[in-house]
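Visitor: Please show me the structure, and then let me ask about it piece by piece.

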Amino acid sequence: MRYAILSDIHANLEAFTAVLNDLSKRGIDSIWCLGDIVDYGPDPCGCLYLLRRQKYVAVPGNHDLAAIGVIDTADFVPDAVESNRWTREQLQASHIEFLSSLPSVIEEEDFTLVHASPRDPIWEYLNSADRARENLPYFKSPFCLFGHTHRPVIFRCLKNGSCVTADFSEEADFSLEGGRLFLNPGSVGQPRDGDPRASYAVYDSETKTIRLCRVPYDVAATQSKMLKNKLPPGLILRLSYGL
Ligand code: ZN
């Protein structure tokens with residue numbers, strides 16, 4: 001079986017569509033979605049519709065929960081507060097019902113799926129090998145899949161209890177042999193690693209490998225929709241640079 005690991009779609013329909021087209025070429029059986037399906041981008045309803053037409057499981061992200069009023073936006077930066085308010089206005093009752101039904105932690109095969117971290121599935125930024133080590137007691141499966149930082153990364157945990165950052169190169173098969181690990185596939189709709197292409201990963205359960213995939217999409221089309229909907233200029237510009 002081959003699974004696509006997608007995170008942080010962020011209402012970017014052009015990026016999400018480009019990734020789905022890429023998935024059909026690669027023969028994917030199912031999608032594991034790590035949350036932040038909506039907010040920032042101009043197509044929250046379109047992305048929810050498209051996701052729900054796939055074979056998938058999904059956890060919610062902080063932006064999804066803020067958009068349906070489950071958490072407040074007090075800790076959001078001003079641009080995110082503004083886009084979240086706009087997103088909330090777009091959602092209908094069926095979207096709210098769907099997002100509120102998602103479980104914050106899912107276990108699939110050898111993986112625990114969360115948006116942020118096993119210790120705090122909604123908020124914590126798992127952005128260092130030390131943070132990964134601290135999170136080891138908070139899940140039982142060999143591997144953890146997470147998003148939230150919008151940067152692709154793998155933290156590998158060693159027998160001595162420490163964790164290190166491993167090389168996670170595009171289109172290279174990363175073997176899951178050799179201990180527990182944390183893996184972030186990057187962001188579909190708002191990458192922040194300096195590469196504006198949509199980012200996701202593919203897990204092959206036969207070869208026990210994971211591969212990082214990058215897909216170009218029509219950034220200008222997304223930006224012009226954001227402009228039309230008066231979404232914050234900073235959110236529009238950053239898509240050009242992947243930052
Ligand atoms: Zn996000």
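Visitor: Where does R151 lie?
Guide: This is a predicted model, in which local features need pLDDT of at least 70, side-chain atom pairs count only at pLDDT 80 or more, and totals for chains, interfaces and linings use all residues. Residues are numbered from 1 along each chain as its sequence is written, and side-chain values use heavy atoms, with hydrogens and water left out. Helices (H or I, at least four residues) and strands (E, at least two) are DSSP runs, numbered from the N terminus. On that count, R151 lies in the loop between strand 6 and strand 7.

Visitor: Is R151 buried, partly exposed or exposed?
Guide: Buried means under 20% relative accessible area, exposed means over 50%, and partly exposed is in between (1.4 Å probe, protein chains only). R151 has 47% relative accessibility, so R151 counts as partly exposed.

Visitor: How far apart in space are R151 and N184?
Guide: In sequence, R151 and N184 are 33 residues apart. From C-alpha to C-alpha, the distance between R151 and N184 is 6.9 Å.

Visitor: Which residues are the protein donors of the zinc ion?
Guide: Donors are N, O and S atoms within 2.8 Å of the metal (3.2 Å for Na, K and Ca); water is not among the atoms, so sites may look incomplete. The protein donors here lie 2.1 to 2.2 Å from the zinc ion. They are D8 (OD), H10 (NE2), D36 (OD) and H150 (NE2).

Visitor: How many residues apart in sequence are the parts that D36 and H150 tie together?
Guide: The donor residues of the zinc ion are spaced D-x1-H-x25-D-x113-H. D36 lies in the loop between strand 2 (30-33) and helix 2 (44-52), and H150 lies in the loop between strand 6 (143-145) and strand 7 (152-157), so the parts that this pair ties together are 114 residues apart.

Visitor: What is the geometry of the zinc ion's site?
Guide: Four donors count as tetrahedral if all angles lie between 85 and 135 degrees; four count as square planar and six as octahedral if opposite donors are over 155 degrees apart and all others between 65 and 115; anything else is irregular. The angles among the 4 donor atoms are 85 to 176°. The site is irregular.

Visitor: How many aromatic pairs does a search of the whole structure find?
Guide: Rings of Phe, Tyr and Trp (its six-membered ring) pair if their centres lie within 6.5 Å; planes under 30 degrees apart count as stacked, over 60 as edge-to-face and the rest as tilted. The number found in the whole structure is 10.

Visitor: What are the relative accessible areas of Y3 and W32?
Guide: Both residues count as buried. The value for Y3 is 6%, and the value for W32 is 1%.

Visitor: Which residues do ring pairs link into a cluster?
Guide: Y3 and Y203 also form a stacked pair, at 5.9 Å centre to centre and 15° between the planes. The cluster consists of Y3, W32, F111, F143 and Y203.
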